[in-house]
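Hi there,

Here is the structure I said I would pass on. Have a look at it first, and then read my notes below.

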Amino acid sequence: MKYGLELQNNIFPPWRLSYVAYDVLKQELKSRQLDHGWTEQDEHDFVHLLDNELTKVYDFINAKLSEIDARILYCERTIQTLQHNPTMQTDASYQIMDEALTEILFDVNDLSRFTRVNFIAIQKILKKHDRWTGLDLKQAYVDKLRDKPLDNQRFDVAIVYISALHDICRTRGGKKRAPGEGVNANGDQNAFERATAKYWIHPDNITEVKAIIMLHLPVLIFNRNKKWEPEDSAISSVYVDNDNFDLYQGRLQRDEGAEAIRLRWYGPYDTKSVFVERKTHHAAWLDGASVKDRFRINEGRVNPFLEGSYTADQIAQELRSQGQDPSTVDDVHFIANGVQTSFREKQLRPTLRVFYNRTAFQLPDDQKLRISLDTNLTFIREDHLDGVRRREKDNWRRKDVDIDPPFSYLPEDEILRFPYAVLETKLQTHLGQEPPAWLTSLVESHLVHEVPRFSKYLHGACHFYRERLPLLPWWLSELNVDIRKPRNENTGLTRSRSFKPLIDGRYRRAMIEEKERANQIAVVRRGSQRQQEPQRLAVVSEETSSSIARPLSSSETLTRTSPPTPAPTSKDPLRKRLLDDDKDTPPAWQPVRNSVVAIGVPVDEKQNNAASSAAAAAGDNSSNDKQRKKFKVPFMWNNMLSDGQPNERQKVKVRVEPKVFFANERTFISWLQFCALLLTVALSLLNFGDNTSRIIGGIFIGLAAAVAIYALYRFEKRAWMINRRVDGRYDDLWGPAVLCTLLVGALIVNFYLRFH
């Protein structure tokens, strides 16, 4: 599709006149070029016309942002009035403000699309101009685009404030938080087992994804004592490795005990605190769990710490003098000592810097579900491996790089700008937590593209140091695929014909009413469980005491004969899937050789939808099966249901690489080669032997024909299993054994006839 038609399809009708006049610019460019060739006056007129269009778009965005800020400020003052007047705090009042905030959020999303579409339109017309005229206006126009930026990062502040106000309305001023929210207030986030999934998001969908998540989870603000600013979302990390890239290879191959060590700071470059972090991989099949350790260190002490002059003992002594808890001091001493040991033994040094802006979504003081969205992902070299000095020899990071993407002042060979945003979901698994229905709908929608085990450091390292690495990550082929998918009508944020907001094809009020009904049902179920709990305790006390037995009621008898199913442990088969077991790693997720990088193919959406429908329709008529039919649980969250029974294994959208089909063909060709060799021997015996040789030749011909037919059968069966993503055995248990038996039998017959 030509971009002119694509632009017309993406226009928001109320703002039609404010878009870039792409067709006018294109016609002006084409008509002048065909009429008399391109002259200096034509160039001046075209640039003037393009400047007017850019100014028109930029002024419209600023006006809309000012309007949005004013509406947010009005909502904030109204909500503050409600909070300070108990008599006005009614559900209807908060509902009205919630509707107003939803309208503002949709306007922010529409304005984000407007900005993105016009930015691409200007890029397209500049590219067309340079191709038709032979000039380089695109490069010269960069400064004007910097003065009048058309980027979506300007909307982050509005989204954060809308999220905070929406959470107040959702909880009715914090008084009606749903049951189960607000627990684990001070828990260690690294102490939990989490099912982690990672996705790529196209820039066209970033703001929409943020808005969808924000409707269910508030934006997590780490420092509530200051006004939120865009620089608060900046995260910078310096990863270390040696000249052989041992840490890279260990993490890519998921070796037992593989480490990843980085130095991370939040916010501006001149921050005083730096976190030393270490991730250690332990295989789930060894009953281990990957851990993430970190401790805080003053920025001025980082260089002495890496050199070893500022030891772990000194760090521990300082913490004790500050009155820190002894257990915390011991943990920090253990981590610091381990990091210094790795630096000394593996000769580690700063290698790569990773920068991004992170928006985290999480309920306050509740760690059951956390979602993070990283934008402006940028990789910057920190090493001296090619002889170019990028940082001072004794300093742990470059001083010429701040937190100002897109870092246009850096040479292009020292920077890599990642084209997508990265979405990461973390779901607690040790409590049997299941994904909410809205999150399941989001990760299966057209807005995201799943990339399991994506690693920022591995991706940046393989780009800058590819010639030094024997293995490359599997997801490199995904960069050659357009991750945008056709839009689903009833998924995401849309507008009705009356321009009213629709969320997943429904009005906001209908969603809230459905959620309230679900909460009421949950309260009723919890109430019935509380009523049964004293009876269950009475039965237990009767069984364990030595008092005189008493007759049991019917409810107590039922409680005794049907004990509660114990919680799943990490040794259960389904739990191993959640712990990212290396034994169950799909072949498509394995590292690839540097010389050959597999190229991905698009997934057949119809086939996936059919598989999902078939999986959802399976089962009996119980309540759990009805819940299963409502939404499909993703593969990485395959969990235990509320009744304690294992959930049926669900279909997962896995991209089938071409190398899988080629492997099947290579196996088939190997069998045919053996058949051809056997047939050659048989023909030689038939044509140049005596009667005994002819008999043996006939046996060998029959054996070759049987093996060829069997090889064809196995080839077709494996191809059928691959195309339908059947989860079964792909190896051949009996074929090689039967082949060897027949071959040995033929040789025995040959020896018998010859010696007889």
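**Where to be careful**

Contact here means heavy atoms within 4.5 Å. For the protein, the mean pLDDT is 78, and 76% of its residues reach 70 or more. Residues 182-192 also have a pLDDT below 50, with 22 contacts in the model beyond near neighbours in sequence.

Two notes on how to read all this. This is a predicted model, where local features need pLDDT of at least 70 and side-chain atom pairs count only at pLDDT 80 or more, while totals for chains, interfaces and linings use all residues. Residues are numbered from 1 along each chain as its sequence is written, and side-chain values use heavy atoms, with hydrogens and water left out.

**The overall picture**

The protein has 22 helices and 15 strands. These are DSSP runs numbered from the N terminus: helices are H or I with at least four residues, strands are E with at least two. Of the 756 residues, 44% count as buried. Buried means under 20% relative accessible area, exposed means over 50%, and partly exposed is in between (1.4 Å probe, protein chains only).

How much area does the protein expose? About 39700 Å², and carbon and sulfur atoms supply 54% of it. Those areas come from the Shrake-Rupley method with a 1.4 Å probe; for residues, only the protein chains shown count as cover. Among contacts with a separation of 6 or more, 72% are between residues 24 or more positions apart.

**A helix to find**

H20 has 31 residues and reaches 45 Å from its first C-alpha to its last, close to the 45 Å expected at 1.5 Å a residue. (The expected span is 1.5 Å times one less than the number of residues.) Which helices do the buried residues of H20 pack against? They pack against helix H21 (691-723) and helix H22 (735-755). The buried residues in H20 are Asn664, Phe668, Trp671, Cys675, Leu678 and Ala682.

**Around helix H12**

Phe343 is found in helix H12, and Phe343 counts as buried because its relative accessibility is 9%. Leaving aside neighbours within four places in sequence, Phe343 is in contact with Val240, Ile261, Leu306 and Leu348. Val240 is 103 residues from Phe343 in sequence, yet their C-alphas are 8.9 Å apart in space.

Gln347 lies in the loop between helix H12 (326-346) and strand S6 (349-362). Gln347 is not a glycine, but its phi is positive, near 55°. Is Gln347 buried or exposed? Gln347 is exposed, with a relative accessible area of 55%.

**Aromatic rings**

The structure holds 25 aromatic pairs. Rings of Phe, Tyr and Trp (its six-membered ring) pair if their centres lie within 6.5 Å; planes under 30 degrees apart count as stacked, over 60 as edge-to-face, and the rest as tilted. Trp200 and Phe418 make an edge-to-face pair, at 5.4 Å centre to centre with 75° between the planes. Trp200 is in strand S1 (residues 194-201) and Phe418 is in the loop between S8 and strand S9 (421-428), so this pair links parts of the chain that are distant, 218 residues apart. Both Trp200 and Phe418 are buried.

Phe454 and Trp475 are edge-to-face too, because their ring centres are 5.2 Å apart and their planes are at 65°. Both of these residues, Phe454 and Trp475, are buried. One aromatic cluster is formed by Trp200, Phe379, Phe418, Tyr420, Phe454 and Trp475.

The charged end of Arg301 sits over the ring of Tyr310, 4.5 Å from its centre, and that of Arg397 sits over the ring of Trp265, 4.5 Å from its centre. To count, NZ of Lys or CZ of Arg must be within 6 Å of the ring centre and within 35 degrees of the ring normal.

A cis peptide bond joins Pro405 and Pro406, with omega about 15°. Pro406 is found in the loop between strand S7 (369-381) and strand S8 (415-417). In strand S7 lies Asn376, another residue other than glycine with a positive phi, near 55°. Asn376 is partly exposed, with a relative accessible area of 31%.

Happy looking!

Technical notes. Expected span 1.5 Å × (residues − 1). pLDDT = per-residue confidence, 0-100.
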